[in-house]
Amino acid sequence: MPTFVKACPAAEIPPGSGKTLAVGGKEIAVFNVDGTFYAIDNECPHRGGPLGEGDLEGCVLTCPWHAWQFDLKTGESLTDDSRVTTYAVKEEGADLFVEV
């Protein structure tokens with residue numbers, strides 16, 4: 001059963017940025033889009049690129065290896081019919097928690 005696990009202080013991920021974290025035994029990329037946090041698997045389904053190092057433009061993330069794009073809200077690829085797993089994120093006090 002999924003449970004929320006403390007990921008990091010929210011201040012570590014300023015608006016417009018992302019960070020790769022180990023949460024609940026998984027490598028997850030967490031992004032801050034204008035104060036709203038999104039979490040996805042860190043591995044691109046195309047060739048395994050590190051999504052946490054990708055370019056963020058609004059809710060669209062571009063993989064740094066081959067420019068595949070993903071919607072952070074849904075995990076759906078804007079490049080083909082693949083997707084990445086998304087995870088719920090909540091803020092409690094100064095900390096972020098990810099449901100894994």
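**Figure 1. The whole chain at a glance.** With 100 residues, a compact globule would come out near 13 Å in radius of gyration, and the chain agrees at 12 Å (taken over C-alpha atoms; the globule rule is 2.2 Å times the number of residues to the power 0.38). This is a predicted model, where local features need pLDDT of at least 70 and side-chain atom pairs count only at pLDDT 80 or more, while totals for chains, interfaces and linings use all residues. Residues are numbered from 1 along each chain as its sequence is written, and side-chain values use heavy atoms, with hydrogens and water left out. The C-alpha trace spans about 35 × 30 × 20 Å along its principal axes. You'll find ten strands and zero helices here (DSSP runs numbered from the N terminus: strands are E, at least two residues; helices are H or I, at least four). Of the 100 residues, 40% count as buried (under 20% relative accessible area, with exposed over 50% and partly exposed in between; 1.4 Å probe, protein chains only).

Figure 2. The order is 1-10-9, and the pairing is antiparallel (two strands pair if DSSP finds at least two bridges between them). Strand 1 (4–9) and strand 9 (89–92) sit at the edges with a single partner strand each, so one side of each has no neighbour in the sheet. Five bridges join strand 1 to strand 10 (residues 95–99). Look for Pro 9, which stands opposite Asp 95 in strand 10.

**Figure 3. Glu 53 out on a loop.** Glu 53 lies in the loop between strand 4 (36–41) and strand 5 (55–57). Its relative accessibility is 58%, so Glu 53 counts as exposed. Pro 64 is eleven residues from Glu 53 in sequence, and their C-alpha atoms are 6.4 Å apart in space.

**Figure 4. Charged pairs.** Searching the whole structure turns up four salt bridges (a side-chain nitrogen of Lys or Arg within 4 Å of a carboxyl oxygen of Asp or Glu). One of them links Glu 12 to Lys 19, with the closest N and O atoms 2.5 Å apart. Glu 12 is partly exposed at 39% relative accessible area, and Lys 19 is partly exposed at 28%.

**Figure 5. Two further salt bridges.** Glu 76 pairs with Arg 83, the closest N and O atoms being 3.9 Å apart. Both ends are partly exposed: Glu 76 at 40% and Arg 83 at 48%. Lys 90 and Glu 92 also meet through their side chains, at 3.0 Å from N to O. Lys 90 is partly exposed at 31% relative accessibility, and Glu 92 is partly exposed at 40%.
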